[in-house]
Amino acid sequence: REDLWVREGKILNPEKLFFDEKGSADVQLDCKGSIIAPGFIDVQINGGFGVDFSLATDDFKSGIDLVSQKILSHGVTSFCPTLVTSPPSVYHQVLPQISVRNGGAHGAGILGAHLEGPFISREKKGAHPEHCLRTFEAGAFQELLATYGSLDCVRIVTLAPEMERSSEVIRELTHRGICVSLGHSVANLSQAEEAVQHGATFITHLFNAMLPFHHRDPGIVGLLTSDKIPAGRRVFYGMISDGIHTNPAALRIAHRAHPKGLVLVTDAMAGMGLAPGRHTLGQQVVEIDGLNTYIAGTKTLSGSVATMDTCVRHFQEATGCSVEMALEAASLHPAQLLGIEHNKGTLNYDSDADFLMLDDNLYVQATYIAGQEVWRQDTSGM
C-alpha cells in the first residue's frame with residue numbers, strides 16, 4: 001500500500017531523495033489499487049508463437065525476438081531460451097545466436113540458454129529424440145564442450161546424474177557458474193544427493209521424466225526433504241503448473257514439503273499461443289489438443305502451451321498458498337536459483353525496476369522493464 005519509486009531503471013530508496021536531494025517525483029502514476037509484483041522469470045521455455053528454439057534456422061534471431069516480445073503480455077520480463085536434445089550441429093548453429101541481453105520495449109531480457117539434454121536417460125527421455133542422446137565417455141567434460149560447441153551463453157544444463165562420469169561434469173559446470181539441473185533421469189536418491197554435493201542446484205520439471213516417488217527410495221523427488229544437502233545450500237525444483245503435467249495433489253505435496261524451492265516454469269513450446277494442430281519441438285512433431293501436447297501419434301506429453309501467468313494462477317488456486325507465495329515462485333525463486341536475486345525477482349531498493357501490475361485475480365494489466373512500460377492490457381474494447 002505504498003509508493004514504488006523508480007529512477008534510471010532501478011527501484012529507488014525515496015529517503016535519500018527526500019532528505020539528501022530534497023527531490024520529488026517527476027512523473028506520478030496512479031495504479032488504481034492493482035498489485036505490483038516483480039516481473040516473472042521463466043527458466044525453461046522451448047519456444048512459442050510458432051518459434052522453436054531447437055530448430056536451426058537462418059532467421060533464428062528474429063524468432064527469439066518474437067518470443068521475447070510476445071511473452072511480455074504473460075508478465076515474463078526475463079527468460080532462459082531452452083533447447084531440447086538436439087544433434088551437435090544444431091547447438092553449434094543456434095548457441096552463437098543467443099546472447100545475454102537486457103529486456104526493454106523490444107522484449108523480455110535473455111539470461112542465457114538452458115540446455116536440456118542430450119546427456120539424459122533413455123528410459124526417461126520423454127519427448128526427446130532417442131537417436132540424439134549421448135553418454136559421457138572418457139574426457140567427459142571435453143565431450144560436452146564438443147557437443148555444445150561453446151558454453152559462453154549457457155546458464156543451465158539439465159543432465160541425468162546416474163550417468164557415469166557425471167560428477168566431474170557437474171563439478172566443472174558449477175565451477176564455471178553454470179547451474180546444473182537434474183532431470184530426464186532414473187537416478188535413485190543417493191545418486192541425486194551426490195550430484196547436489198558436487199554442485200547441482202535444480203531439478204527439471206519435478207515428477208515429470210523421473211522415477212515415481214517410492215517410499216523406500218524416493219529418487220530425485222526425495223531431494224525436497226533430504227538431510228544430505230550441504231549446509232547453506234538450497235535445492236530448487238521446477239514445476240509445470242498447467243493442470244496437466246502435474247496433478248494438483250502432487251503440486252500441493254511438493255509445495256508443502258519444500259515451499260522455498262519451488263520455481264514455476266512453463267516448459268512452453270512452439271505451439272504456445274497458436275491454434276490446436278501439429279507443431280514442432282526440436283526434431284519431433286507434436287500435436288496440440290486443448291492444453292494437452294503429445295508427440296504426434298503417441299500419448300507422450302511434450303512440453304506445454306501454458307503461459308506463465310496461467311501457471312501462477314493455477315498454482316495459487318491448487319495450493320491455496322498466499323498471493324505473495326505464488327508470485328515469488330515465478331520471480332524471487334528463479335532469481336535465487338540463478339544467483340541474480342540482488343538485481344531481479346524482488347521490489348527491493350536498488351534492484352532492477354522490472355515489475356508487473358496485476359488485478360486481484362492475478363491477471364497481468366501492465367509489464368514494466370527498467371521502469372519503462374513495455375506492455376499494457378488493451379482495455380479500449382471493454
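Biologist: Which are the buried residues of helix α5 (residues 166–175)?

Modeller: Happy to start there, bearing in mind that this is a predicted model. Seen down the axis of α5, the buried residues fall within an arc of 100°, so they line one face of the helix. An α-helix has 3.6 residues a turn, so residues three or four places apart point the same way. The buried residues here are S166, V169, I170 and L173.

Biologist: Now to the UniProt "binding site" positions, which include R216 and H245. Is R216 buried or exposed?

Modeller: R216 sits in the loop between β12 (202–203) and β13 (236–239). The cut-off for exposed is over 50% relative accessible area. R216 has 67%, so R216 is exposed.

Biologist: And H245, buried or exposed?

Modeller: H245 lies in the loop between β13 and α7 (248–257). Buried means under 20% relative accessible area. With a relative accessibility of 11%, H245 is therefore buried.

Biologist: Which residues does H245 touch, not counting residues up to four places away in sequence?

Modeller: The unreviewed UniProt entry lists N208, L301 and G303 among its "binding site" positions. Those three are also on the contact list of H245, which reads N208, I240, L301, G303 and S304.

Conventions: Residues are numbered from 1 along each chain as its sequence is written. This is a predicted model: local features need pLDDT of at least 70, side-chain atom pairs count only at pLDDT 80 or more; totals for chains, interfaces and linings use all residues. Side-chain values use heavy atoms; hydrogens and water are left out. Buried means under 20% relative accessible area, exposed over 50%, partly exposed in between (1.4 Å probe, protein chains only). Helices (H or I, at least four residues) and strands (E, at least two) are DSSP runs, numbered from the N terminus. The arc is that of the directions from the helix axis to the C-beta atoms. UniProt positions are given in the numbering used here, feature names are shortened, and annotations may be inferred rather than shown by experiment. Contact means heavy atoms within 4.5 Å.
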